[in-house]
Amino acid sequence: MDTSVFRLDGVTKRYGDLVALDNASLEAGANEYISFLGPSGSGKTTLLRVIAGFEAPEAGRVFFNGRDITNLPAHERGIGFVFQNFALFPHLTVIQNVGFGLTHGKSGLSAAEIERRSLEMIELVGLSGMEGRGVDQISGGQRQRVALARTLTMHPKLVLLDEPLGALDANLRSRMRTELRAIRERLGVTFVHVTGSENEALAMGDRVVVLDRGRIIQTGTPGEVYDSPASPDVAHFLNRFNLFDGNLSGGRFNGVFGSVPVPRSVRSDRDVYAVRYDRMRALPVSADAAGPAIKARFVASEYLGSSMMNFFEAEDGHVIEMEHHLSLGTPQTFEARQDYLLTWNPEQAIVFGREASR
Ligand code: ADP
Ligand code: MG
């Protein structure tokens with residue numbers, strides 16, 4: 001029995017010579033929040049458009065509720081799509097925008113029923129009282145909710161959201177993260193959310209799928225992806241690791257910090273040593289570090305709310321980041337332009353390499 005809500009089976013989408021999606025396979029269960037993380041141009045929008053039926057893949061199949069829908073027109077799929085720019089009708093009110101698909105589609109519903117459903121979704125997204133406003137008389141966050149409510153009135157079984165929080169300011173973005181998750185839970189439908197923000201992907205998804213140049217390079221829970229990135233590229237996208245080039249050989253990594261024993265490593269086509277920002281420690285430059293160490297000059301600190309990020313520059317120009325979670329106590333203060341010895345426990349490093357056994 002196929003219990004997945006949707007499944008991609010080897011989907012490839014090309015635009016001329018450009019491979020926007022490269023043999024992508026994925027399965028999503030019912031009642032999940034899935035986030036796709038990928039940089040700009042990695043194929044996130046293309047992937048959603050293929051699932052929705054706005055683009056036909058050159059190869060592969062798309063299944064929805066156990067049925068092959070690869071050749072089914074978009075309007076027959078029952079899949080909702082919230083566009084990146086919201087795409088609201090500027091001359092219509094909130095409720096007219098929300099009910100648009102029902103009014104202008106083939107819903108066959110009475111005007112009273114359309115109004116009832118629209119009001120129900122307006123309430124769900126927290127916009128009660130704003131039904132009659134023009135969409136140019138509401139804030140960006142409220143427009144985002146209108147776009148979502150408009151999709152939800154169609155009672156989709158799967159909702160695709162294309163960078164839904166990208167246009168919002170930072171405060172609103174973090175509030176909407178919580179709200180989107182809550183709305184999804186109340187509805188019990190699967191949401192697929194694509195984003196270029198690693199924080200958003202890790203905070204929101206029950207499952208995170210990492211996309212790079214049209215390929216799915218890792219799928220896992222946020223914890224799995226965060227603790228065990230599958231490749232140097234994933235570690236790079238997560239924006240939480242200092243990455244050092246070097247050479248893995250005979251169970252040791254040779255980098256700018258010297259030669260360090262490597263207890264275990266992950267197979268990769270490149271030799272890369274990764275240390276999480278919050279695993280770095282700074283010692284006085286005269287100290288004797290027991291493990292690997294690298295001399296670096298303090299550049300600046302940035303307060304991030306729940307942590308302090310410290311930036312150092314190594315002699316070769318490499319910027320090294322060190323994060324201090326404020327829940328662990330008062331952060332160290334550093335002298336501008338002073339040298340420090342940055343060190344870490346090699347047991348906590350993640351090492352990628354050609355000679356790795358797994
Ligand atoms: P993302 O949403 O992750 O930024 P897209 O899915 O929009 O990425 O694009 C993936 C790649 O496909 C990019 O290189 C983009 O330039 C290309 N692309 C997207 N849509 C088209 C199109 N209609 N015609 C040609 N190339 C396209
Ligand atoms: Mg896009």
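**Figure 1. The span of residues 6-238 in the predicted model.** The end C-alpha atoms of residues 6-238 lie 26 Å apart, and the span is 36% helix and 27% strand, where helices (H or I, at least four residues) and strands (E, at least two) are DSSP runs numbered from the N terminus. UniProt lists these residues, 6-238, in an unreviewed entry as "domain: ABC transporter"; UniProt positions are given in the numbering used here, feature names are shortened, and annotations may be inferred rather than shown by experiment. This is a predicted model, in which local features need pLDDT of at least 70 and side-chain atom pairs count only at pLDDT 80 or more, whereas totals for chains, interfaces and linings use all residues. Residues are numbered from 1 along each chain as its sequence is written, chains are lettered from A and ligands numbered from 1 in the order in which they are written, and side-chain values use heavy atoms, with hydrogens and water left out.

**Figure 2. The two domains of the chain.** The chain is divided into domain 1 (6-227) and domain 2 (241-353), with bounds that come from an automatic or database domain assignment. Between the C-alpha centres of domain 1 and domain 2 the distance is 38 Å.

**Figure 3. The shell around ligand 1.** The residues around ligand 1 are Tyr-15, Leu-18, Ala-20, Pro-39, Ser-40, Gly-41, Ser-42, Gly-43, Lys-44, Thr-45 and Thr-46, a residue being near a molecule or strand if one of its heavy atoms lies within 4 Å of it. This shell divides into four nonpolar, six polar and one charged residue; Ala, Val, Leu, Ile, Met, Phe, Trp, Tyr, Cys and Pro count as nonpolar, Asp, Glu, Lys and Arg as charged, and the others, Gly among them, as polar.

Figure 4. An oxygen atom of ligand 1 lies 3.2 Å from a polar backbone atom of Ser-42. For the side chain of Thr-45, the distance from one of its N or O atoms to an oxygen atom of ligand 1 is 2.8 Å, and for the side chain of Thr-46 the corresponding distance is 2.5 Å. Taken alone, ligand 1 exposes 560 Å², of which the protein buries 59%; accessible areas come from the Shrake-Rupley method with a 1.4 Å probe, and for residues only the protein chains shown count as cover. Strand S2 (18-29) and helix H1 (44-52) are the elements that give two or more residues to the shell, and H1 gives the most, with three residues.

**Figure 5. Two loop residues with positive phi.** Ala-87, in the loop between strand S6 (79-82) and helix H2 (94-98), has a phi near 50°, a positive value in a residue other than glycine. At 36% relative accessibility Ala-87 counts as partly exposed, since buried means under 20% relative accessible area, exposed over 50%, and partly exposed in between (1.4 Å probe, protein chains only). Arg-213, in the loop between strand S9 (207-212) and strand S10 (215-220), has a phi near 45°, again a positive value in a residue other than glycine, and Arg-213 is exposed, with a relative accessible area of 59%.

**Figure 6. The surroundings of Gln-218.** Gln-218 lies in strand S10 and is buried, with a relative accessible area of 12%. A polar atom of the Gln-218 side chain lies 2.7 Å from the backbone nitrogen of Ala-230.

Notes. A polar contact is a pair of N or O atoms within 3.5 Å; within protein, one must be able to donate a hydrogen and the other to accept it, and residues adjacent in sequence count only if both atoms are side-chain atoms.
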